[in-house]
Amino acid sequence: MVLPGRASECARVESRLREAAGDRVMLFLEGPIGAGKTAVLHAVVSELGCRVVRTGPVTMGTDTPLQSIERALHALSISPNPADEEHSLAERMARALAEEPTVLVVDDVHWIDHASLGVLVSLLLHAPQLALLVAHRPTQVPHVLLEAARRCGIPLDRVRLAPLAPDALRRIAGDAPPEALDCIVERSDGNPLFATLLTQLWWERPSVDAFEAALDGVRLDEMPSVYGALRSDIRSLDDDTQAVLRAVAIVGHLHVEAVAALTGLDPADVSRSADVLRGRELLSPSPHGLRISHPLLRASAYRGVDAAERLRAHRMLSGMRDAFSQLERAEHLHLLGGTQTPDDIEAIVAASAVALADDPGAAVRWLRSTTHRRDAERDLLLARALIVCGSPEDAVDVLDRAPEHGTGEALALRLQALRMAGRLDEAHELLDTAVAVDDLAFQIERASLAIARDAWDEALDTLELFARAHASGEVSAAADIAVRSLRTLGLLNAGDIVAAREEFSSVANVLRDASAAQWRDVSEVCADLGWAAFVLEEYETASWIVDRAIRVARDTGRVQARAALHSVRAFTMVASGRLDEAAAAARAAGDDARRYAGPDAVSIAAAARLYVAEWRDEPERLAEAIALLREAGLPADTWWRRTVSTLLRRAEARLAPPISAPMVDLAPDALLTYRLLDAATIHLSLGAGEEATRLVARARTESAGSGLRAQEAHIVMVEARIAADVDADPERAAALALSAAGVFEELGMPLHYARASRRARAYHARLDGALVSRLTPREREIAHLVARGLANKEIATQLSISPRTVEEHVGRVVAKLEVSSRAAVGLALVG
């Protein structure tokens, strides 16, 4: 059976050997460790149809005489005598090989012992019809063998085993799930051996986070090993270079000072050994300097170090403050395991807090290494890191065991983890039994769950009660921001836009002066505040709020808010005309929702993606986004359910005419006007102009006095369509669309401006087409000549009529087209 992805290389080797049939040839099969050289040799040998003699080192990395050709001698029935010279043994082999066409295959020739190499070199001189196939690592062919082949005039050819294509790696991974296949393909570097071992690693750690954490350095001695293959490489190195390789495995990269300290070598000797390791492709460049070429190779080198020596080395490295950063030292401290001191654990906790934003997986593995000691701060940070990594069940387990599991922060984290895990009944039970918890984050969680039930008064009472209990201090300001934010959204939910704008302006001013700690405490409500800003057409402010809140959520591990924040950012970026940024925000919202939040967040993120797709004017993307939202389902939250459902109906109507008109949810919130406009648009597509006109009139009534100029422009756009399609008045339609375009331009909404301008041009074209139809054939002919810029006299000459007649015709053309100049005639004709 051919190794997946190696069929072409097998065919090339087989073809070259068949072409040689009876002639001398030396064919080199080159590939790095684990590339599948032996598998290719096996596949080729089984297909050649002639005698094949296979040989190679029995014990790799040693120089036992003749052990590399031992199997060939046995196959040729040759028993070497102790007194045999290399050339005499080669002569005996040549005679045996000449009995019939034979291919001599030597695997792992880079490990060949000295005596066997001498025999092969002599064999090249004595075997006139020798076909020799040798497999080797890159740059590791014995030069003496190459030189002998050249001296003998033997044709040389080479087949290099390139990295496997992703499809081949997926076949090697077998029935691993899709998310595992992506990880395995990315991490295997095209190497089939690595793909096989990484598949084994996946089944031992069947989650993306656990898999990636293993490869990023957690407990290297527990990873799958290629030590059997690497052992020969290590043994073939001199003592100093072996020591450098093992030290690099411990350090993580080539840090000359640290490696010198661990090995006792001079820095110059360390650098020389590093050059040797690069030549063997055991070290390769990375953004952080030279590293061992693959995590699996590093694990194998690491495993070759005595356990006590590892602990000594990690202890030494953790104390090299001038050489390593806080995070690098934490990596070594966590590998001390049960020998960690209280000071070590304190340092790990501090480093984990720093790593939480950019590398939460590292924070988890560092903190988990310290759980043999009780530490309340560590437990809370570990729970938060697990939540950031998308492991809420593990976070709940940590909090259950934590000595401080009854504190406000612990309960807030537990509530967040339960919601992420979909254990909503337990979340509600926790809320019922912990009403008086003195923690703002917990009370915000309580208010959020109340809003999800459409219990706005209960949510506001929850936060106002907490705020009154904390009338002064740092928490007071954060509680005030949370209360005002929720009050703003509540007013929008009630449709009181004027009062909502006043409340929003107040809270936005407070938020501008808020401290970093206050931003951290209210990051969960900033998504609501950003959405309020979007509805109130405060697009720049919305962008500022959500952008900063996203950074705060990332840096402090407040991950549950990120999906909603990214969704709001997607809507806001569309309003600002930044469509690519909107698409990126919608994708981020989807990723965060699936990882950190519940079904409602997934649905809202899908709605954000659909909103972006609507503005792409690409039917395929729109259809994909519609399918994604249908799969996610509508949110349970009442406000968002109304918003998402009308967005979905509007998008569906853009793709295909609806069968029937939808019922309009007349709940008097701030988005009622838009729901009425969407329903009117659908009625227009069904030909129900009268009902569409009624709905737009209701929308105008609802919007009156709101001061929302973009909303007013949207009303005008639907009125323009009614004027064109129902009233057959393209002139008024064009005027309305142009006025809406002007508003969008003033508000800095380029996508909306462009769409309104296109509509105006289309209505103008419809109007101009009707006017042109009034012209007689002769008038139309003269109009086109006028449009080309010809003067009356030139037109008269071309048509063989008098200039006076032309002048009369031009006068009638201008009048019938309702234009004021000759130049405008051309514009009217092209529409």
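Author: We begin with a term: two strands pair if DSSP finds at least two bridges between them. The model discussed here is a predicted one.

Reader: How many bridges join S2 to strand S3?

Author: Strand S3 covers residues 102-106, and S2 runs parallel to S3. The number of bridges that join S2 to S3 is five.

Reader: What is the order of the strands in the open sheet?

Author: The sheet has five strands, and their pairing is parallel. Its edge strands, each pairing on one side only, are S2 (51-55) and S5 (156-160). Neighbouring strands are turned by 20 degrees against each other on average, direction ignored. The order is S2-S3-S4-S1-S5.

Reader: Which helix packs on the sheet, touching S1, S3, S4 and S5?

Author: The strands touched include S1 (25-30) and S4 (131-136). The direction of the helix makes about 170 degrees with that of S1. The helix spans residues 7-20 and is H1.

Reader: Are H40 and H41 roughly parallel or oblique to each other?

Author: Helix H40 (residues 777-787) and helix H41 (residues 792-799) pack at an angle of about 130 degrees, with their axes 10 Å apart. Angles from 65 to 115 degrees count as roughly perpendicular and those over 145 as roughly antiparallel. The angle therefore makes H40, relative to H41, oblique.

Reader: How many residues of the contact of H40 with H41 are nonpolar, polar and charged?

Author: On the side of H40, Arg778, Glu781, Ile782, Leu785 and Val786 take part, and they meet Ile795, Gln798 and Leu799 in H41. The residues of this contact divide into two charged, one polar and, as nonpolar, five.

Reader: What is the handedness of the crossing in which H27 passes H28?

Author: Helix H27 (residues 497-512) and helix H28 (residues 516-535) pack at an angle of about 145 degrees, their axes being 12 Å apart. Phe504, Val507 and Leu511 of H27 make the contact with Trp519, Val522, Leu529 and Ala533 of H28. These residues divide into seven nonpolar, no polar and no charged. The crossing of H27 and H28 is left-handed.

Reader: Is His143 buried or exposed?

Author: His143 lies in helix H6 (residues 143-151). A residue needs over 50% relative accessible area to count as exposed. Because the relative accessibility of His143 is 61%, His143 counts as exposed.

Reader: How far apart in space are His143 and Glu690?

Author: In sequence, His143 and Glu690 are 547 residues apart. In space, C-alpha to C-alpha, the distance between His143 and Glu690 is 91 Å.

How values were computed:
Residues are numbered from 1 along each chain as its sequence is written. This is a predicted model: local features need pLDDT of at least 70, side-chain atom pairs count only at pLDDT 80 or more; totals for chains, interfaces and linings use all residues. Side-chain values use heavy atoms; hydrogens and water are left out. Helices (H or I, at least four residues) and strands (E, at least two) are DSSP runs, numbered from the N terminus. Axes are lines fitted to C-alpha atoms, for helices over the stretch in contact, and angles run from 0 to 180 degrees between N-to-C directions. Contact means heavy atoms within 4.5 Å. Angles under 35 degrees count as roughly parallel, over 145 as roughly antiparallel, 65 to 115 as roughly perpendicular and the rest as oblique. Ala, Val, Leu, Ile, Met, Phe, Trp, Tyr, Cys and Pro count as nonpolar, Asp, Glu, Lys and Arg as charged, and the others, Gly among them, as polar. Buried means under 20% relative accessible area, exposed over 50%, partly exposed in between (1.4 Å probe, protein chains only). A crossing is left-handed if the near helix is turned anticlockwise from the far one by less than a right angle, and right-handed if clockwise.
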